[in-house]
Amino acid sequence: MNVALISILMLSISIQEKISTDALLQNPFDLQQFKKAKGPSNSGGADVQPYYYKPDEKGVFFRFFLFRSPQTFMYSGNGDKKFPVRSGTGFQIVTYKFLGKYRDAFLDPTETLIEVVAT
């Protein structure tokens, strides 16, 4: 497991206690708590990888990226006319969203965490 990934997760959800790698793998983090804390992100369909867990129920793989942070925005433009432009942070979350009530909702209590990538 990438040490940077563990550090990002620990800082992102304000974990105060020391966590072993095994404990992190058994319960990576509370996805809904993380999404509530970070707020909206860009999202879209995710390319399905052969190693992804595939639930039996119908649904879609979804990728969330460009979460808000002080480094997320760059400013572009000339003089006094500068506009915030999102830039990548290299942190992405892939979930499996079941078809149904929460399919299009950012906060989906039924989605399954599939992958966390930090580059």
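Biologist: Which residue in β6 stands opposite Y96?

Modeller: T112 does. Mind you, this is a predicted model, where local features need pLDDT of at least 70 and side-chain atom pairs count only at pLDDT 80 or more, while totals for chains, interfaces and linings use all residues. Residues are numbered from 1 along each chain as its sequence is written, and side-chain values use heavy atoms, with hydrogens and water left out.

Biologist: What makes β5 and β6 a pair?

Modeller: Two strands pair if DSSP finds at least two bridges between them. β5 and β6 have 6, in the antiparallel sense, so they qualify. β5 also pairs with β2 (residues 59–65), antiparallel again, over 7 bridges, and there F61 stands opposite Y96.

Biologist: Where does E111 sit?

Modeller: In the loop between β5 (91–98) and β6 (112–118).

Biologist: Why is E111 called buried?

Modeller: Buried means under 20% relative accessible area (exposed is over 50%, partly exposed in between; 1.4 Å probe, protein chains only). E111 comes in at 9%, so buried it is. In β5, 7 of the 8 residues are buried too.

Biologist: How do you know that E111 and Q32 make a polar contact?

Modeller: You need a pair of N or O atoms within 3.5 Å; within protein, one must be able to donate a hydrogen and the other to accept it, and sequence-adjacent residues count only if both atoms are side-chain atoms. The side chains of E111 and Q32 meet at 2.8 Å, so that passes. E111 and T95 join through their side chains as well, at 2.9 Å.

Conventions:
Helix = DSSP H or I, 4+ residues; strand = E, 2+ residues; numbered from the N terminus.
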